[in-house]
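Here's a quick look at a few strands, a ligand shell and a sheet. Have the viewer open and follow along.

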Amino acid sequence: MNDMTPVAKSSPKDWETDQEVRWCPGCGDYAILKAVQRTMPEIGATPENTVFVSGIGCSSRFPYYMETYGFHTIHGRAPAVATGVKLANPDLDVWIITGDGDALSIGGNHTMHLLRRNLDCQILLFNNEIYGLTKGQYSPTSRIGTRSPSTPFGSVDRPATPCAFALGSGARFVARGFDVNKNLPSVLKAAHAHKGAAFVEIFQNCIVYNADVFASFTEKANADHQLWLENGQPMLFAGGSKGIAMDIDRLTLKVVDVADGDWQGAGVIVHDVTNRAVAHMLVEMPFGAFPMALGVLYDDPRPTFEAAVMEQNAKASEGKVADLQALISRGQNWTVEAKE
Amino acid sequence: MASAAHKIDDQGNSSTANHPSEAVVVRFAGDSGDGMQLTGGQFTLSSALAGNDFATFPDFPAEIRAPQGTLFGVSAFQINFGSDEIDTAGDAPDVLVAMNPAALKTNVKDLKPGGLIIADSGEFSARNLGKAEYDANPLEDDSLAQWQVIHFNISQLTMDAVKPFGLGNKEALRCKNMWTLGLALWMFDRDRQPIIDWLNGKFAKNKVLADANIAALNAGHAYGETAEIGQPGSVPIPQRHISAADVAPGLYRTITGAEAVAYGLVAGCHLAGVKMFFGGYPITPASAILHYLSNLKHFGVTTFQAEDEIAAIASAIGASYAGQLGVTSSSGPGIALKGEAMGLAAMTELPLVIVNSQRGGPSTGLPTKTEQSDLYQAVYGRNGDTPMPVIAARSPADVFECAIEAVRIATQFMTPVILLTDGYIANAAEPWKVPDTGDFKPFPVSFLESVPEGGFKPYSRDDKLARPWVKPGTPGLLHRIGGIEKEVDTGHINYSPANHQAMTDIRKNKIDGIASYIPEQDVCIGEDHGTLAIVGWGSTFGPIHQAVRRARAKGHDVAHIHVRHIWPLPSNLGDLLKRYDRVLVPEMNTGQFKTVLRDQFLVDAKPLNKVSGQPFRIAEIEAAIEGELA
Ligand code: SF4
């Protein structure tokens, strides 16, 4: 993302296109679209400098609904296309929209390398734990036992954890949110503020093929299972009655009860977004025994890929003239003189 | 000259035809550690300075560090040089320099009957003979009787020559290739000074090594001289002078196909006025293009070594979308991986150049050998009706112009373009008359920067059916593109039957229409009608050209037609082919272009196929011509 001074603050409406939105009624994608459209004015984005790049899947229809530049590419390849866009014009503000199948199955390789290289962009992975567009097959994030047209007896392979994958790939920003949550714009804002590849996993309800798989923490009644992380704040949840502490003997996290707000006494950890080791633990916390870690889990920028490429290009060009004639003439050469 | 600096009259005679033409083919072969490529390269320079025309071909082992002395560790370099036009690296060598038994074994069968073998007997130990699977020393029995054999202990002679410099055994033996080069320079009456200058430059930081190598070079040269006088115990070595070829005056250089691709792309982008983005992934024999371009950042080139072939092309498409010219390059297996993305580029109508340095297939096939078997892949190899222009280069020097042409078509017609070369072109070197870049006509691209009259439609078209190129970042022209079928003009998603029919037709017509913007097909040698036309494409140009010249010299009614634009084909090609009684298509595949010609023009084109991983020999094509006309 870039520092851009908005001329006049836009409104979410300015970011809507004239295209009819074609997700199933009740799909979580609608809420995410609204959240993104609400975020754009907040971050001072300008439509012409914003590019949405997507792969294939329900989520990847997203660019058609954003009044910006957009490129709906092919399955799994959005990170690679986005890399070319950003290297060709680093001034563009690039958002990648992808899903669990797109980013972690067919495009897993590109996702890994984009994160490793640290291309400056936002990657929004809509995780619905299912292949929606192809009518409901299980995905690389589906839980063991998921029954689907391709796994009528239940899936047997272990799911990937997107945020763990991202950290393992070298991501310098990892966050989580969910479709209908009011905090989503602030998570997106933080992602945009991060200079470098910002990975955001968004739990998204596929009402048709995988309804309510995240209800155990997204439902209002289950809000106690959400751990909203904030830099510099103690890791408290369930209305402050519980917290996350370090189990020093086993070097793991543990859930502790907090009595009368005395979180220090209970040993609750203060969230430090630059602590990579703790970030690894947070993304791996098994849900059930632990709450779902949400918000900005990790944020520790380092130099971006496109900046390094531009710097090297500039350095390699220093003091050199782009003389085409000289270029093609040099090497093992000789002159044939005209005969009298 | 392969770079067409020679004038050829319409009888197919070179302007030097009244001189007795002379050409010699020499092959240097040794262990991959023996420095044969360097020897060959320097001998090539010496040939150029002597005014000969030439063509060269290196033959590397597929293994990076093959075990010493083994049959599969042999590295060879062949040069054909002469006083007349040279178009190929030559059929059978006249001279084979074999630095060890394995080099002799793997190469001797190619040598002309009566040809000369020069062997380093110092390397013909029982151990090395065993590694080369010889039961007996061929230098000592009569198994080489059909050739002339001269052997002496080059290893020992080199050691003796470099003794004063106090090198270790291993380092001293490394000078063997310069000793051999010295001998070769003597055999062909060449000046040693340029090589001495080169050695002084190469070893500028190590004077001892420079002097040792020069001493070896001089010793090899002196050996030829003294052996000639017939000192006791030495065999006379024949000496030959090949007079200078009659070539157009000007600045020349040697160029390989890989270099020419890189330079041609840079020149093309310069003429188009766009920056280049090159997305590549290492693959033999295409990697050299990535290497060359990586050193040309000051020409506005960004290179990106992607995580795989798909990312290489996808990033190039992203760059084209953002307003640079995306280029990607690979060989057959990598091109297969790029197929889906090529369709995306076609659907989104973005300019893109895809270079395929073809190698032997299928699958991993023969990575270091040449073939032309990706023609179907280039012309037809995508899902859906996805026509794409295809241009094929005929020689290392020709690639330069073909690459410019690829950039021109890509940017003028907003389409991906495939540029075909092959392993032979990529690695072979030939002399190239350096063109004056001012002679090339610029074809500047114009980005759409504001809303045109009547409103902005991303899929509106100009007279060439090209859609506008809009850079993201341009205010007022926001739009979305993608791989889903586009609506005519607006570019919105549209699945309707009539629209898909219309868009498929538009995409086809746009590519077909390119035929009006490319040169008409000409005849390289011979009349535009007659008994037999030999139709070629790509790197078969050299052997076909020479074979047709020879056949015509014998009075045969045969013409050579060389096709550069494989898709769309030149608009007059069908009519032209119909004016010959017979059409023969030599190809290094099982008949792919032949099939395209039959399909497009209903002509009775016949195949002449070779898929051995080796280029055609002139004699093979000559025999086929004789066969057709018998
Ligand atoms: S299939 Fe699922 S993810 Fe796709 S649009 Fe419908 S509800 Fe949304």
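## β7 of chain A and its partners

In this predicted model, strand β7(A) runs parallel to strand β8 (residues 197-203) of chain A, and five bridges join the two. One of the pairs to look at is Ala175(A), whose bridge partner in β8(A) is Val200(A). To get from β7(A) to β8(A), the chain passes through helix α6 (residues 184-193) of chain A, and this β-α-β crossover is right-handed.

β7(A) also pairs with strand β13 (residues 292-299) of chain A, this time in the antiparallel sense, over four bridges. There, Arg176(A) has Gly295(A) as its bridge partner.

## Around the ligand

The residues around the ligand include Trp23(A), Cys24(A), Cys27(A), Cys58(A) and Cys206(A). Sorted by class, the shell has seven nonpolar and three polar residues, with no charged ones.

## The chain B sheet

Over in chain B, seven strands make an open, mixed sheet ordered β9-β8-β10-β11-β13-β12-β18. From one strand to the next, the twist averages 20 degrees.

Within this part of chain B, β8 (residues 276-280) and β10 (residues 325-330) pair in parallel over five bridges, with Met276(B) opposite Leu325(B). Helix α10 (residues 287-294) of chain B lies across β8, β9, β10 and β11 (352-358), at about 135 degrees to β9(B).

Methods
Residues are numbered from 1 along each chain as its sequence is written. Chains are lettered from A and ligands numbered from 1 in the order in which they are written. This is a predicted model: local features need pLDDT of at least 70, side-chain atom pairs count only at pLDDT 80 or more; totals for chains, interfaces and linings use all residues. Side-chain values use heavy atoms; hydrogens and water are left out. Two strands pair if DSSP finds at least two bridges between them. A crossover is right-handed if, with the strands pointing away from the viewer, the path from the first strand over the helix to the second runs clockwise. A residue is near a molecule or strand if one of its heavy atoms lies within 4 Å of it. Ala, Val, Leu, Ile, Met, Phe, Trp, Tyr, Cys and Pro count as nonpolar, Asp, Glu, Lys and Arg as charged, and the others, Gly among them, as polar. Axes are lines fitted to C-alpha atoms, for helices over the stretch in contact, and angles run from 0 to 180 degrees between N-to-C directions. Contact means heavy atoms within 4.5 Å.
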